[in-house]
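Let's read this structure together, one feature at a time. Bring your questions, and we will go from the general idea to the case at hand.

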Amino acid sequence: REIQLGMVPDTSSIQGLPSHLQIAAILEPAYEVGGDFYDAFMIDDRHLFFSVGDVSGKGVDAALFMALYKTLCKSIALRGYIPLKDLVRLVNREASQEDKAMLFVTMIAGIIDVDTGELQLCRAGHEAPVLLRQNESAGQIILDGGPPLCVLEDYEYQTALMNLHSGDILVLISDGITEAQS
């Protein structure tokens, strides 16, 4: 559990995060180690990558595959900015080739242009995000999405484009919220 919690970033100390953007996150494993995760980091001085996801199963296998997924994402993203759909496609292909345990990953990922507020979102079998916008009702963002990662190795994931405005709050959750019993 301590190792799993050590793999997610302290969102208050993301290197290069502009002061006009705020990120908050919490990961609270239920009883044992599992595959839930989040990540956020600056790709360059203009693009913030973030993701929330869950590896199928529980235990050490799920936790190790989560670490592999996070490492692949960061490694591919930090090679230089590429559109989110290409990043997710590459991560899916690489993770699929390493998936000897036949696990899969549900995930929602995004890239924010911190200068313009342009947001790219990609959903792979994961819960839809919720947007809270001033003077509007909260609502889920409808995304076509695709299957979880490691289900179809060559799947061409699509992204949705939208703009975030000052004061907007984007909420991403894992299935721990929707499947909670109490």
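**Reading the features step by step**

A: Let's begin with a single residue in this predicted model. Y155 has a relative accessibility of 27% and therefore counts as partly exposed, since that class lies between 20% and 50%.

Q: Is Y157 buried or exposed?

A: Y157 has a relative accessible area of 1%, so this residue is buried.

Q: How many aromatic pairs are there?

A: The count comes to three aromatic pairs. One of them joins F41 and F49, with 5.1 Å from centre to centre and 35 degrees between the planes, which makes the pair tilted. F41 and F49 are both buried.

Q: What is the geometry of the pair formed by Y155 and Y157?

A: Here the ring centres of Y155 and Y157 are 4.7 Å apart and the planes stand at 65 degrees, so the pair is edge-to-face. The cut-off behind that step is an angle over 60 degrees.

Q: How should I read the overall fold, and which order do the elements follow?

A: Start with the tally, then follow the chain. The protein has four helices and eight strands. Beginning at the N terminus, the order is α-β-β-α-α-β-β-β-β-β-β-α.

Q: What share of contacts joins residues at least 24 apart in sequence?

A: Taking contacts between residues at least 6 apart in sequence, 67% of them link residues at least 24 apart.

Q: What share of the residues counts as buried, and what is the accessible surface of the protein?

A: The protein has 182 residues, and 46% of them count as buried. Its accessible surface comes to about 10000 Å², with 51% belonging to carbon and sulfur atoms.

Q: Where does S51 sit, and which residues is S51 in contact with?

A: S51 lies in strand 2, which spans residues 47-58. The relative accessibility of S51 is 2%, so S51 counts as buried. Setting aside neighbours within four places in sequence, S51 contacts F37, Y38, D39, Y69, M107, I108 and A109.

Q: How many disulfides are there?

A: First the general idea: a disulfide is a covalent bond that joins the sulfur atoms of two cysteines. In this model the count is zero disulfides.

Q: Are C122 and C150 buried or exposed?

A: C122 has a relative accessible area of 1%, so C122 is buried. C150 is at 14% relative accessibility and also counts as buried, because the cut-off is under 20%.

Conventions
Residues are numbered from 1 along each chain as its sequence is written. This is a predicted model: local features need pLDDT of at least 70, side-chain atom pairs count only at pLDDT 80 or more; totals for chains, interfaces and linings use all residues. Side-chain values use heavy atoms; hydrogens and water are left out. A disulfide is a pair of cysteine sulfur atoms within 2.5 Å. Buried means under 20% relative accessible area, exposed over 50%, partly exposed in between (1.4 Å probe, protein chains only). Helices (H or I, at least four residues) and strands (E, at least two) are DSSP runs, numbered from the N terminus. Contact means heavy atoms within 4.5 Å. Accessible areas come from the Shrake-Rupley method with a 1.4 Å probe; for residues, only the protein chains shown count as cover. Rings of Phe, Tyr and Trp (its six-membered ring) pair if their centres lie within 6.5 Å; planes under 30 degrees apart count as stacked, over 60 as edge-to-face and the rest as tilted.
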